[in-house]
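Biologist: Hi! I'm new to this one, could you walk me through it?
Modeller: Happy to, let's bring it up.

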Amino acid sequence: ELQRGRKGVLARLRRLADPSTEGHRRLFGANSVSEIEKSARLSPARDCFQRIIWDPALDQKDFIVAYRDRFKVEPQEVRFDCPNKSVSGAERLLVLAMPEHRIEYIKFRRRLVWHKELRIDRFFGTRDGLKINEVVDGYESWFAAEARAARSIRARALECLGGDAERLAEVMRCVRRARTGACAASDVVHALLSDAYFGLAGGSLGVDGPNGRGGEAKGEPVLWQLFSTLPEEQTALREELLEALRAQLSRPISWTEGPAANPSIRLDSAQPRASASRAGSLRMLAPADAEDTGDADDRSAQSDRPLSDATPTPQQEAWPQRSARKSEEEAYQEALREALIEMQKEGERNGAILMGLSCLSVAWYFSVPPDIRRSKFCQSGQSVQEFVDVFGVECVQPQDWGMRVLEHYQTCGAGGEPCVHFDFSVDPQSVEAFYASVEAATEWFRAAFFGA
């Protein structure tokens with residue numbers, strides 16, 4: 001009945017017994033290995049977009065899409081329903097007109113639901129099992145928990161900064177500079193560990209309190225917790241800041257402030273701290289050299305861990321190079337952006353000049369007498385009689401027309417015809433010719449289609 005020989009039947013049975021074959025999966029269902037492989041795949045951004053569009057339980061206004069701009073360092077966020085005004089094509093929404101490889105992540109309000117680099121998919125649950133309907137239902141409780149944690153850490157940070165909200169705002173501005181690529185993460189950490197902000201211990205409320213003001217131990221440094229509260233879509237920046245903070249807290253640190261550099265500052269809490277102003281720390285200078293002065297060598301020799309013994313890790317050595325590459329790329333992008341803006345401004349100026357000249361020409365053309373304005377120019381090498389035979393009206397040579405214009409301005413005014421007289425009437429001969437052509441076309445149409 002199978003129309004097969006013995007060998008064919010045996011080969012078929014062997015394939016059905018093999019869990020890796022498609023026949024086995026269709027007959028017995030997918031095994032655990034294939035399910036794991038399937039769940040490890042990240043859903044494409046287009047599938048997420050289609051879910052947002054066609055799922056009646058989802059509101060497009062609640063979703064934010066971030067895409068990579070060729071002229072900017074950080075991803076640009078737009079609402080999902082943002083109209084398309086910059087990408088050519090028939091797509092009405094910008095996110096649908098954008099090439100899929102430029103989509104970086106998708107957020108439901110403030111919560112990340114899809115991220116290409118982090119391999120996060122909370123639309124279909126292909127990564128961690130959490131699906132978009134669960135995210136929507138539990139968003140309020142999630143947001144409340146995040147807000148409570150952020151308020152608690154902000155309160156600790158304010159306590160370490162002496163209740164100065166402006167200094168806390170400066171801290172967040174420093175972090176934003178690292179996010180935009182304006183400076184390296186190590187420079188941000190180096191500046192924030194000064195006494196003007198969180199001190200060498202990163203704001204730990206230990207035996208000596210924040211910046212030596214007294215207090216009780218409350219766990220890990222506040223600066224560490226502050227970096228940990230960065231949004232999930234900024235995971236790469238968060239890890240870089242935490243790594244830089246971990247490296248700085250594990251070795252002696254020197255702070256420089258112009259000529260009053262003090263390269264002997266160490267992590268030892270018993271040693272007096274050097275006074276560093278906020279202006280000096282915001283310059284985010286690199287650690288000072290141990291060979292700056294002889295006094296520094298003498299002071300370092302009195303300690304168990306002098307600054308000269310601090311050996312930077314390979315990652316710390318790579319930070320200046322990475323910062324330089326970012327600075328060069330940012331400078332190139334800024335120069336390109338300025339060149340494009342200048343070209344656009346020059347084009348607008350030239351267009352305005354051409355538009356003005358065109359408007360003046362039209363206005364002048366309608367200010368001359370109608371007999372001059374309605375003149376027909378003869379073609380090159382064509383006589384007036386030949387033009388009349390072909391078109392039924394007289395023509396003038398360009399030089400004769402110019403002489404008529406000159407004669408008009410010489411004789412106008414002084415009791416005669418005004419020099420400027422706007423006349424927007426239509427040439428009667430042109431009207432007659434138009435109606436004659438329409439009547440001829442109508443007659444041809446009747447004869448061709450109705451035989452009349």
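Biologist: Which residues do ring pairs link into a cluster?
Modeller: Phe63, Phe108, Phe123, Phe124, Tyr139, Trp142 and Phe143 are joined that way. Keep in mind that this is a predicted model.

Biologist: And how many aromatic pairs does the structure hold?
Modeller: There are 13. One of them is Phe434 with Tyr435, an edge-to-face pair with 5.6 Å centre to centre and 65 degrees between the planes.

Biologist: Are Phe434 and Tyr435 buried or exposed?
Modeller: Both are exposed.

Biologist: Switching topic, how many disulfides are there?
Modeller: The search of the whole structure turns up two. Cys378 bonds with Cys395, with the sulfur atoms 1.8 Å apart. That pair links distant parts of the chain: Cys378 is in the loop between helix 15 and helix 16, and Cys395 in the loop between helix 16 and helix 17.

Biologist: What about the other one?
Modeller: Cys412 and Cys419 form that disulfide, their sulfur atoms 1.9 Å apart. The torsion about its S-S bond is about 80 degrees, so the disulfide is right-handed. Cys412 is buried at 10% relative accessibility, while Cys419 is partly exposed at 27%.

Biologist: Last one: what's the secondary structure of the protein?
Modeller: It comes to 18 helices and five strands. Of the 452 residues, 33% are buried.

Conventions. Residues are numbered from 1 along each chain as its sequence is written. This is a predicted model: local features need pLDDT of at least 70, side-chain atom pairs count only at pLDDT 80 or more; totals for chains, interfaces and linings use all residues. Side-chain values use heavy atoms; hydrogens and water are left out. Rings of Phe, Tyr and Trp (its six-membered ring) pair if their centres lie within 6.5 Å; planes under 30 degrees apart count as stacked, over 60 as edge-to-face and the rest as tilted. Buried means under 20% relative accessible area, exposed over 50%, partly exposed in between (1.4 Å probe, protein chains only). Helices (H or I, at least four residues) and strands (E, at least two) are DSSP runs, numbered from the N terminus. A disulfide is a pair of cysteine sulfur atoms within 2.5 Å.
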